[in-house]
Amino acid sequence: MFQRKTELPFQLPPTIRDAKPIETTFPLIVILHGLNRGQKLQNIKNNNKICFEVSNMEGLILDEKACDVNTKYQSIVIFGTAETLDSKEDKIKALNLIVNKYTPQLSGQEYPDNMLKATGILKISIDSITGKFFK
């Protein structure tokens with residue numbers, strides 16, 4: 001199953017099943033970082049609607065018949081709108097979120113100006129998420 005290192009408050013519009021509202025939660029934004037150039041960023045400048053998939057394959061479910069072997073997995077597809085964060089202040093805020101989540105022992109360090117200039121930050125506002133799994 002997907003594991004989050006920190007729990008964040010997320011909200012999706014409720015849907016109806018069996019005449020009862022069902023509420024689902026998810027992150028409002030996703031922050032990605034990488035080089036401040038390349039085909040992906042050019043594509044986003046041309047069309048900022050984005051979609052990406054995250055999956056986790058836990059392993060094979062073996063059977064004596066080859067046609068009955070299956071995969072134990074979870075998968076989500078995220079649809080949203082991307083924007084680049086270009087100001088120094090926005091980049092620092094985004095990088096601090098990433099560092100605080102994944103390497104909190106390195107929190108509070110300053111980022112050199114040359115690294116900030118070379119770093120691209122994408123903020124993806126999530127429109128919808130779909131998912132599936134097999135266990």
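This is a predicted model: local features need pLDDT of at least 70, side-chain atom pairs count only at pLDDT 80 or more; totals for chains, interfaces and linings use all residues.
Four strands make up an open sheet, ordered β3-β6-β5-β4, with antiparallel pairing. β3 and β4 (49–61) are the edge strands, each pairing on one side only. On average, and with direction ignored, neighbouring strands of this sheet are turned by 35° against each other.

Seven bridges join β3 and β6 in the antiparallel sense. L32 stands opposite L122 in β6.

## Helices on the sheet

Helix α1 (residues 39–46) lies across β3, β4, β5 and β6, and runs at about 85° to β6. Helix α2 packs on the sheet as well, where it touches β3, β5 and β6; the direction of α2 makes about 40° with that of β6.

Helix α2 comprises 15 residues (88–102); at 1.5 Å a residue they should span 21 Å, which agrees with the 21 Å between its end C-alpha atoms. The buried residues of α2 are K91, A94, L95, I98 and V99. Seen down the helix axis, the buried residues fall within an arc of 135°, so they line one face of α2. They pack against β3 (29–35), β5 (70–85), α3 (113–118) and β6 (119–134). On the other side of α2, E89, K93 and L97 are exposed.

## The surroundings of K91

K91, found in helix α2, has a relative accessible area of 6% and is therefore buried, the cut-off being under 20%. Beyond its neighbours within four places in sequence, K91 is in contact with N36, L85, D86, L116, K117, T119 and I121. K91 and G120 are 29 residues apart in sequence, and their C-alpha atoms are 8.1 Å apart in space.

Note on methods
Residues are numbered from 1 along each chain as its sequence is written. Side-chain values use heavy atoms; hydrogens and water are left out. Helices (H or I, at least four residues) and strands (E, at least two) are DSSP runs, numbered from the N terminus. The expected span of a helix is 1.5 Å times one less than its number of residues. Buried means under 20% relative accessible area, exposed over 50%, partly exposed in between (1.4 Å probe, protein chains only). The arc is that of the directions from the helix axis to the C-beta atoms. Contact means heavy atoms within 4.5 Å. Two strands pair if DSSP finds at least two bridges between them. Axes are lines fitted to C-alpha atoms, for helices over the stretch in contact, and angles run from 0 to 180 degrees between N-to-C directions.
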